[in-house]
Amino acid sequence: MKLLIIEDEIQLAQSIISYLSGENYVCEYAGTYQQALAKIEMFEYECILLDLMLPGGDGIRLLEEIKKRDKEEGIIIISAKDSYEDKILGLQTGADDYLAKPFHLPELSARIFSIIRRRKFNNSNIIRQNELTINLLSKTVLINNAPVILTKKEFDLLLYFIGNKNKVISKNALAEHLSGDIAGMLDDHNFIYAHIKNLKKKLGEAGCGHYLKTIYGTGYRWEV
């Protein structure tokens with residue numbers, strides 16, 4: 001899962017990125033209004049962490065720009081501005097949550113998880129599709145009630161496909177999801193093919209239906 005941290009306090013941003021990377025999130029960073037706007041225009045994210053006070057612009061105005069573009073990202077405002085009015089304004093403008101500084105990183109992680117679960121998986125910790133069962137909390141996969149061992153990347157890919165079921169996902173989008181904004185620096189997408197090949201093999205050998213389709217010349221689609 002890919003996140004964007006919009007925060008001008010470098011030490012806080014580094015702490016957030018370090019912790020969330022350990023929770024298996026791909027984290028990108030923007031320290032100014034313009035950097036954040038550029039990333040939002042270029043990339044897609046599962047969740048955005050947004051500070052209200054940014055060099056070059058106001059966080060609420062940036063939130064309005066995100067909403068104008070009909071982006072699907074969940075948004076958590078993280079701000080030292082802890083007034084009742086600021087919270088109401090942020091939530092009314094379109095944020096999903098508001099977390100006042102200082103905060104505990106495990107609580108931030110829990111709120112991110114909750115927003116992604118609500119937006120992508122109908123607010124459930126258990127995803128079921130015929131013979132396939134996924135537990136989001138324990139990060140385990142069962143096929144016909146038998147466990148299937150996936151790597152972190154394979155598990156992340158599986159969730160990404162299911163969270164975007166029946167949509168064609170391009171190779172570039174998959175590369176950005178797995179590698180963040182460094183994806184454009186990679187010479188090829190062989191690492192994507194390898195992860196998808198291994199995921200397909202493990203699911204198929206365990207008796208999972210052929211839901212993951214290759215759309216030749218375009219990308220992949222999880223068909224339900």
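1. Surroundings of G59. Apart from residues up to four places away in sequence, G59 touches L50, D51, L52 and L54, contact being taken as heavy atoms within 4.5 Å. G59 is found in helix α3 (residues 59–68); helices (H or I, at least four residues) and strands (E, at least two) are DSSP runs, numbered from the N terminus. With a relative accessible area of 0%, G59 is buried, where buried means under 20% relative accessible area, exposed over 50% and partly exposed in between (1.4 Å probe, protein chains only). The C-alpha atoms of G59 and D97 are separated by 14 Å, the two residues being 38 residues apart along the chain.

2. Basis of the model. This is a predicted model, in which local features need pLDDT of at least 70 and side-chain atom pairs count only at pLDDT 80 or more, while totals for chains, interfaces and linings use all residues. Residues are numbered from 1 along each chain as its sequence is written, and side-chain values use heavy atoms, with hydrogens and water left out.

3. Domains. The domain assignment of the chain gives domain 1 (2–121) and domain 2 (126–222); such bounds come from an automatic or database domain assignment. The C-alpha centres of the two domains lie 26 Å apart. Across the boundary, 13 residues of domain 1 are in contact with 17 residues of domain 2. The two domains bury about 1,300 Å² between them, 55% of it on carbon and sulfur atoms; buried area is the accessible area (1.4 Å probe) that two parts lose on being put together, summed over both. One salt bridge is counted between domain 1 and domain 2, a salt bridge being a side-chain nitrogen of Lys or Arg within 4 Å of a carboxyl oxygen of Asp or Glu. In a salt bridge between E72 and K167, the side chains meet at 3.8 Å, N to O.

4. Nonpolar cores. Which members of the largest nonpolar core touch the most other members? They are L49, I112, I134 and F161, out of 47 residues; a nonpolar core is a set of buried Ala, Val, Leu, Ile, Met, Phe, Trp, Tyr and Cys residues joined through side-chain atoms within 4.5 Å. Helix α6 (residues 152–163) gives the most to this core, namely seven residues. Because domain 1 (2–121) and domain 2 (126–222) both give residues to this core, it lies between them. Leaving aside neighbours within four places in sequence, F161 is in contact with I169, L174, I196, L199, L212, Y220 and W222. A second, separate core has 21 residues, including I6, Y45, L63 and Y98.

5. D86. This residue is placed in helix α4 (residues 84–93) and, at 18% relative accessibility, D86 counts as buried. D86 and Y98 are twelve residues apart in sequence, with 9.3 Å between their C-alpha atoms.

6. Salt bridges about D96. The structure holds 17 salt bridges. One of them joins R118 and D96, whose closest N and O atoms are 3.9 Å apart. R118 lies in helix α5 (residues 105–120) and D96 in the loop between α4 and β7 (97–100), so the pair ties together parts that are 22 residues apart in sequence. The side chain of R119 also meets that of D96 in a salt bridge (3.1 Å, N to O). This pair too links distant parts of the chain, with R119 in helix α5 and D96 in the loop between α4 and β7, 23 residues apart. R118 is partly exposed at 37% relative accessibility, R119 is partly exposed at 36%, and D96 is partly exposed at 24%.

7. Other charged pairs. R221 forms a salt bridge with E223, with 2.7 Å between the closest N and O atoms. Both residues are partly exposed: R221 has a relative accessible area of 23%, and E223 has 28%. A network of salt bridges links E7, E9, D51 and K101.

8. Cysteines. How many disulfides does the structure hold? The count is zero, a disulfide being a pair of cysteine sulfur atoms within 2.5 Å. For C47, the closest cysteine sulfur is that of C27, at 10 Å, which is too far for a bond. C47 is buried, with a relative accessible area of 0%; C208 is also buried, with a value of 10%.
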